[in-house]
Amino acid sequence: MDAEQRAARIWRFRERTEHDAAALFAQLAADLLAAGAPGTLVELASRCAADERRHAALCRAIVDDLDRGLAPLAPDPQPRLGPQHTTPAHRALYASVALGCVTESLSTALLIEIRGGVDRPSVREAVDIILEDEIRHARLGWACLEHAATRGDVTWLAPSIAEMLHAALDTERLSDPDLPEEGVDLTRFGILRPHIAERVCRATIEHVIVPGLARHGIRAARG
Amino acid sequence: MNDPGKLFRVLVLGGAFLGAGCTNSERPAPSATDGATSADDGGGARELCFCPGDDGVCCETNASGASVPRAGIECCWSTSC
């Protein structure tokens with residue numbers, strides 16, 4: 001398998017991840033609405049779902065550019081985050097933090113790093129669009145957390161943070177069953193070397209996510 | 001390597017600014033620069049922006065026809081107008 005074919009498979013995985021994220025943001029919008037959250041947050045969550053569907057199409061265009069005819073992966077039929085048998089407000093807060101504060105904050109940091117090394121036009125264009133959206137998606141998470149914290153205790157999330165971080169990092173690592181070995185450089189196709197992705201994630205967790213959560217008394221256990 | 005300090009301001013503080021201002025009344029959607037600021041060399045606060053942005057808030061065309069950051073805007077993460 002050549003470099004373009006390997007890169008195509010990673011973008012195909014990202015395509016599926018974007019579809020999953022679209023479903024999760026749509027569920028978040030529904031839970032925010034049911035919880036009586038401000039219209040701004042509901043609208044933003046709905047917009048995020050639409051963004052993610054657009055991102056999936058951008059990923060598909062890259063797959064086609066790199067390895068035309070590579071079939072999509074089957075999406076998760078019903079992706080879910082966190083406890084389901086609880087109030088819409090708790091489901092919404094859990095999903096906001098897992099999706100926005102954790103996953104999209106990491107994604108933003110990774111895309112900034114990715115952006116610097118891409119030279120393929122189709123990839124560069126998609127990365128620019130997705131990055132700009134991911135900033136808004138991460139902010140939605142932090143906005144929902146801020147809003148919830150003004151109305152009640154949010155520290156019940158603390159025991160779940162390590163699990164959220166592991167899930168987000170696993171998704172990044174699982175993007176290719178044959179992760180690029182250190183000798184295979186797919187940077188120009190928008191795929192970071194594993195040690196660089198690891199470094200970016202660690203810095204983002206340490207300097208962005210953990211202190212951001214700590215502002216609200218959520219102390220993430222070291223996982 | 002991106003700057004985690006900037007990322008904290010843009011994501012965490014920018015999002016918090018949005019969330020703190022939310023009420024059940026309608027508000028306009030956030031712009032590319034909501035809540036994110038950076039101290040400039042002259043001591044004033046400049047808004048961080050992912051340039052060129054999608055709504056024209058970050059960049060403008062100067063007299064020479066070049067696209068440049070608007071007054072009070074700083075393009076972040078190596079982006080440019």
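**Notebook: cysteines and cores**

The model is predicted: local features need pLDDT of at least 70, side-chain atom pairs count only at pLDDT 80 or more, and totals for chains, interfaces and linings use all residues. Residues are numbered from 1 along each chain as its sequence is written, chains are lettered from A and ligands numbered from 1 in the order in which they are written, and side-chain values use heavy atoms, with hydrogens and water left out.

Next I checked A:C101, which is buried at 0% relative accessible area. Its sulfur is 8.1 Å from the closest cysteine sulfur, that of A:C144, which is too far for a bond.

I then looked for disulfides (cysteine sulfur atoms within 2.5 Å) and noted one over all chains. B:C59 and B:C81 form a disulfide with sulfur atoms 2.0 Å apart. B:C59 lies in strand β3 of chain B and B:C81 in the segment after β5, so the pair ties together parts 22 residues apart in sequence (strands are DSSP runs of E, at least two residues, and helices runs of H or I, at least four, numbered from the N terminus). B:C59 is buried at 11%, while B:C81 is partly exposed at 28%.

Last, I looked up the largest nonpolar core, which has 58 residues (buried Ala, Val, Leu, Ile, Met, Phe, Trp, Tyr and Cys joined through side-chain atoms within 4.5 Å). I noted that α3(A) gives the largest share, 12 residues.

Note on methods
Buried < 20%, exposed > 50% of the residue type's maximum accessible area, 1.4 Å probe, protein only.
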